[in-house]
Amino acid sequence: MSKLFRYGSTMSATVIIALLLVLSWITVEEDFPAFQYAQPGVRGPLIPVEPYNGIAENVARFLWDHRALDLNSQAFVIVAAIVCSLAMLKAEEGET
Amino acid sequence: MVGLELFSGFVLPLPLAVLLFGGLVSPILGSLSDRMMIPRLKGAWMVLISAGALISVYMLYLQVKASANEILLMGVWGQRPPLAGCFEIDMLGVFMAGSISVLGLLVAVYSISYMEKESRLTEFYTLMAFMVAGMMGVVMAGDMFTLFVFWELMGLSSYVLVAFQKRTWGPIEAGFKYLVMSATAGAFLLLSMSIMYGMTGTLNFAALAASLKGAPVTPWTIFLLSCLIIGFGVKSAIVPLHTWLPDAHPEAPSPISALLSGIVIETGLYAMVRVLFLVFEPGFFTWPMAILAIITMSLGNIMALLQTDLKRLLAYSSIAQIGYMLIGVSTGLSYGLLGTFMHVFNHSLMKGVAFLAAGNIVHETGTRDISEMRGVGRMMPLTTFAIIIAFLGLGGVPGTSGFISKLILFNASLGAGIPILAVVGVLNSTLSMAYYLRVIMVLLDGKAAEGMKVKEAPLMMAGVSLVMSILIIALGLYPNPIMGISTDASEALITGLANYIGAVLR
Amino acid sequence: MYPLTPFLTATGLMLIIGLACLMVKRDMVRILIGIEILFNAANLSFIALSTQTLGFVDPLAQSVVMMAIVLDGTVIAVGLAMVLNIYRHYGTIDIRKLRRLKW
């Protein structure tokens, strides 16, 4: 298994080149089916571009009207991250 | 509705609410217990909220069953779905939530006495509560983005719980490797979400199923499938994305190893199954899944034969068991999924017992090396009984519950017309008994047990292992309740799909 | 309506750069930056897709991005706390020295 690590740089180079070829072919040749399969009635309220400064306020209103559940779960994720950092950075008892 | 009604029609499913708010209160109780010098308060609170979660999952199960397997739609804050985030709970969600809460309660009881002498216990119990809450959120999610938020919550808590004993270098190195690989997978998951959004304009599961099912196979859908498999596969330890697991599971503290191996990787598998069966036709991913199943099973078992560390052996065995579960996924039939989800529940119990009993041995002898454990089994009768039952179950010996789920899996693969999976599966089961029996023989060695000063583990730890092993035997001899629930669960995914879509898109 | 292909090309390029950064760099903090680049590739594709309807902007994609930024920020924060602990044990932040756990 440790022999495989000697070829680490060649393995990563091949992966990157292969990914480059695949991604460039797929982006240039195939058309991305943008919203082709959209059913009527599932798309939500769209915000008109015209009053340009009003977009941010409308996005905020959309966020609080429709996605409040995810915003509050995100608050729990932030609390979890604070407790995580505390657990990682607190000195253990018995240490200086 | 079994939910915590917060205001204006927003109903949070009760198990999730209990765990989230319990986890939020836990730091306050922790600092209070430090001040008042009651050290057991933190563990007791965690056991209390796990018991509360288990009871509310049972109430949820009664409600879903009573309405003829109707889908429950909860947590709609604001406008209706498919715009708003929602929780959509069908029988499969209740089944997974049941597995999670059962194992969570048992591990919480175990860790009261295992982690007694550790520092930073407040953070430990808070993060364990958040990890179980994240898993509950993943299995109940009805919307791709809700799943992503709870997926990150579950992952974040598990990175730090793996690296918890930061006094030595091992857990931190393992935790860092786990973090890097899992965060990369999260990025690929977000990328696949953007492709799905780009194709349909929505992220709701029911709307995605109504739009994308039956779409012709284009290079973009193949790219979407690979991004989804990479995104979910790192967390669910599919080869070749499994390399974090043999480092992370041994280095984590034993109750966390049991939780990780028992139910976190299965939650990753559940999420992959849910999304793939909703978005693609089962015939599309049969062959990729079959190849991944063969590679995962074989690599897990072969690498486990070469291990000298007990917990690392159990970690590779987990990878092999995920391979068995993938057999059921690749059949695409409801019968195959029955085998997969029954094996999820059985594996959580069996691997949980194995890791907890290994934790007993590590706690008493202080070593994880198998050759240094000669004869320890003769001094620790309860632990050895538990670990023998666990190994027999993992190998699929009749009389334990592992036999029944493996039988269904191999039967389903024969019925779906992929006999090579059954052949490879049976060969791998036989191979796995080799290393399980080797460990049992070392533990029960009579000659080396002379003059050993090891005594049985504390009552709570040995008691939990004993209870779980009795449950394994009981479910092996009388599997009807679990089979009934699992049959409902697996049918809810395949034949109940119209029901699922109808509940949201009315 | 913005043309979609340049944005998808940019997403693919950022994906490749992020993966290359993950695989090649030996400094742990740079590996964490590579993860951040991968997350931002996905965010870019979300934003590009929100502009695809003529004359309108779709707020769903933008709200997903706003939340994904916070989520991946927390992961990076915990990663940096771990790098600090690794430095205390190993004395270096070279990831090639982290080879003690093998097999």
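Me: How many residues of chain C are in contact with chain B?
Reply: This is a predicted model, where local features need pLDDT of at least 70, side-chain atom pairs count only at pLDDT 80 or more, and totals for chains, interfaces and linings use all residues. Residues are numbered from 1 along each chain as its sequence is written, while chains are lettered from A and ligands numbered from 1 in the order in which they are written. Contact asks for C-beta atoms, placed from the backbone, within 7 Å. On that basis 26 residues of chain B meet, on the chain C side, 27 residues.

Me: Which element gives the largest share of the side of chain C that touches chain B?
Reply: Helices here are DSSP runs (H or I, at least four residues), numbered from the N terminus. Helix H2 (28–50) and helix H3 (59–90) of chain C are the elements giving two or more residues to that side. The largest share, 14 residues, comes from H3(C).

Me: Roughly parallel or antiparallel: how does H6(B) run relative to H3(C)?
Reply: The axes, lines fitted to C-alpha atoms over the stretch in contact, have angles that run from 0 to 180 degrees between N-to-C directions. For helix H6 (residues 169–200) of chain B and H3(C), the axes come within 9 Å and cross at roughly 165°. Angles over 145 degrees count as roughly antiparallel, so H6(B) is, relative to H3(C), roughly antiparallel.

Me: What is the mean pLDDT of chain A?
Reply: pLDDT is the predictor's confidence in each residue, from 0 to 100. In chain A, 84% of the residues reach 70 or more, and the mean is 78.

Key: Contact = placed C-beta atoms within 7 Å. Parallel < 35°, antiparallel > 145°, perpendicular 65-115°, else oblique.
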